[in-house]
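This briefing covers aromatic contacts, charges over rings and a nonpolar surface patch. The sequence and structure come first.

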Amino acid sequence: MRTICTVDATIYRKIVYIFLPFSLMPLLLLCVLISLYAVDIPYRDQWDIIYLFDHYYKGKLTFSDIWKPHNEHRMLFPNCIYLLLGIWTKYNVTYEMGLSVIIALLIFFVHISATLKGKFIHTDIWLKGILFVVFSWLLFSLRQFENFFWGFQLQWFLNILAVASGGFILARGKRSPLRFLGIFSCGIVALYSLSAGAVYWFLVSLFLLFDGYAITEKGGKVYAYFWLLLFFVVMCFYCMGFDFSNNLQQGNFAEVSYLSYVGYVCCYLGASILPQQVTGNGAAPVLCGAAGLIVCSWLVWRSHRRGDPGLRVGRRYFIFLAAYAVGVALLTGAGRFKMGIVQAGASRYTSVSLLLWLAVLFFCADEFGAARVLKKNRFFAGTLAMVLFGMILWGSLGSIPIIRGHLGKMAQLRYRLQHASGSVSPRELTFLHHSSERVQILLPVLKQYDLSIYRK
């Protein structure tokens with residue numbers, strides 16, 4: 001008979017009253033910065049989806065417009081959101097930023113729900129409350145400034161929300177057709193928001209096939225084999241008519257050493273808790289990522305050996321998230337490691353890589369709050385958690401000057417395009433998109449339909 005751990009309502013109230021104000025601080029800081037510095041102008045890849053509005057207003061919009069690939073992605077769900085939100089707001093991209101924050105908040109609630117499903121043996125309430133504060137500072141870290149201040153990047157948050165939700169359903173262990181449908185639906189949203197969703201499908205396959213708890217469930221093997229069939233069908237459908245030639249040219253293992261690939265992956269994982277200024281040299285995030293992998297593996301092994309039944313859901317959930325972060329790093333590196341280690345530390349990747357550090361923090365709390373743990377191990381876990389929290393704060397608050405400088409330049413370009421577009425040189429337009437010719441072609445489209453900077 002399995003142990004079912006419930007949480008008394010008084011615990012919820014204590015956690016809310018004591019720790020909620022501290023948990024809201026990074027969210028409030030993010031909202032204030034968005035309200036102060038957000039710039040309503042298309043940026044980089046956002047220029048590539050303006051054709052959706054052009055086709056819509058001309059009455060020529062088809063499913064193929066929404067379905068067609070963007071780089072290696074099929075962004076079916078993000079494209080629908082961009083289009084619907086753009087029509088409603090006359091393509092005010094600040095609404096996309098606001099939606100990204102809302103989705104990030106939903107991700108935070110999923111993490112909290114997974115943590116509340118279990119119980120630490122020692123100082124349970126305090127450990128959970130502290131975890132919630134640290135989780136909040138990490139999930140709303142300004143180190144992700146590209147994703148929060150570039151509305152197009154809500155695809156990352158949509159993908160992570162689907163992965164976290166599916167992982168939470170999977171971690172609860174009980175198998176039923178309705179739960180299986182939930183895991184499947186999350187997989188569809190994850191894959192058709194970002195190509196990294198393929199890692200989700202692979203990980204669910206591993207969990208269903210090799211997780212002892214899942215296999216012993218009634219019909220566990222049937223669900224596993226049926227999932228493999230769905231995995232094959234969904235990926236065939238995804239790849240149908242897809243041209244991979246451009247992406248395959250980026251990652252050629254014959255030309256770059258495997259050491260460079262490993263360095264890229266470690267940098268990808270380590271950059272999310274370091275300031276952007278530090279990731280420029282490459283060495284610091286590589287070492288940080290390698291250390292994170294080693295420490296996380298050790299903490300997971302320790303937790304698995306103890307096997308506390310009260311933490312079964314949380315343990316499975318955060319292992320799934322850590323595995324997803326590592327899998328996405330490996331997949332991204334396979335296609336882009338030729339771009340160099342510095343590119344791996346880009347702000348837009350940190351929303352996924354921070355999932356590894358969420359797992360590290362959870363298992364630090366597990367090590368600290370477990371019974372029969374050596375004092376030196378408990379001291380190590382507590383010290384590591386404090387060091388990580390300090391690095392998270394450093395990385396987040398250290399990004400504010402970058403945000404102000406970057407968005408300040410965007411605001412100047414927006415003003416000049418609105419009032420004296422002829423004074424903006426092609427070289428300056430490359431700040432908005434790598435092809436200044438593309439911006440010059442699409443600006444009249446925005447003006448024709450009163451969109452974005454020409455909205456009346």
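The points below are grouped by topic.

The model is predicted. A total of 32 aromatic pairs is found.

**Tyr43 and Phe431**
- The rings of Tyr43 and Phe431 form a tilted pair, with 6.1 Å from centre to centre and 55° between the planes.
- Tyr43 belongs to the loop between helix H1 (9-37) and helix H2 (50-57), while Phe431 belongs to the loop between helix H22 (426-429) and helix H23 (436-448).
- Because these positions are 388 residues apart in sequence, the pair ties together separate parts of the chain.
- Tyr43 has a relative accessibility of 6%, so this residue counts as buried.
- Phe431 is also buried, at a relative accessible area of 19%; the cut-off for buried is under 20%.

**Phe53 and Tyr91**
- The ring centres of Phe53 and Tyr91 are 4.7 Å apart and the planes meet at 45°, which means that this pair is tilted.
- Phe53 is in helix H2 and Tyr91 is in the loop between helix H4 (76-89) and helix H5 (94-116).
- The two residues are 38 residues apart, and their pair links distant parts of the chain.
- Phe53 counts as buried at 1% relative accessibility, and Tyr91 is buried with a relative accessible area of 1%.

**Ring cluster**
- A cluster linked by ring pairs consists of Phe180, Phe184, Tyr200, Trp201, Phe207, Tyr223, Phe226, Trp227, Phe231 and Phe320.

**Charges over rings**
- Arg74 places its charged end over the ring of Tyr238, at 6.0 Å from the ring centre.
- Arg348 is found over the face of Tyr349, and the distance to the ring centre is 5.3 Å.

**Nonpolar surface patch**
- Tyr17, Ile18, Trp126 and Ile130 make a nonpolar surface patch of about 480 Å².
- At least two residues of the nonpolar patch come from H1, and at least two from helix H6 (124-139).
- Ile18, one of the patch residues, is located in helix H1.
- The relative accessibility of Ile18 is 37%, so Ile18 counts as partly exposed; patch residues need over 30% relative accessible area.

Note on methods: Residues numbered from 1 in each chain as written. Predicted model: local features only at pLDDT ≥ 70, side-chain atom pairs only at ≥ 80, totals over all residues. Heavy atoms only, no water. Phe/Tyr/Trp six-rings, centres within 6.5 Å; stacked < 30°, edge-to-face > 60°. Helix = DSSP H or I, 4+ residues; strand = E, 2+ residues; numbered from the N terminus. Buried < 20%, exposed > 50% of the residue type's maximum accessible area, 1.4 Å probe, protein only. Lys NZ or Arg CZ within 6 Å of the ring centre and 35° of its normal. Patch = residues over 30% accessible without salt bridge, like charges linked within 9 Å, V, L, I, M, F, W, Y side chains within 5 Å. Areas by Shrake-Rupley, 256 points an atom, 1.4 Å probe, with all protein chains shown as cover. Salt bridge = Lys/Arg side-chain N within 4 Å of Asp/Glu carboxyl O.
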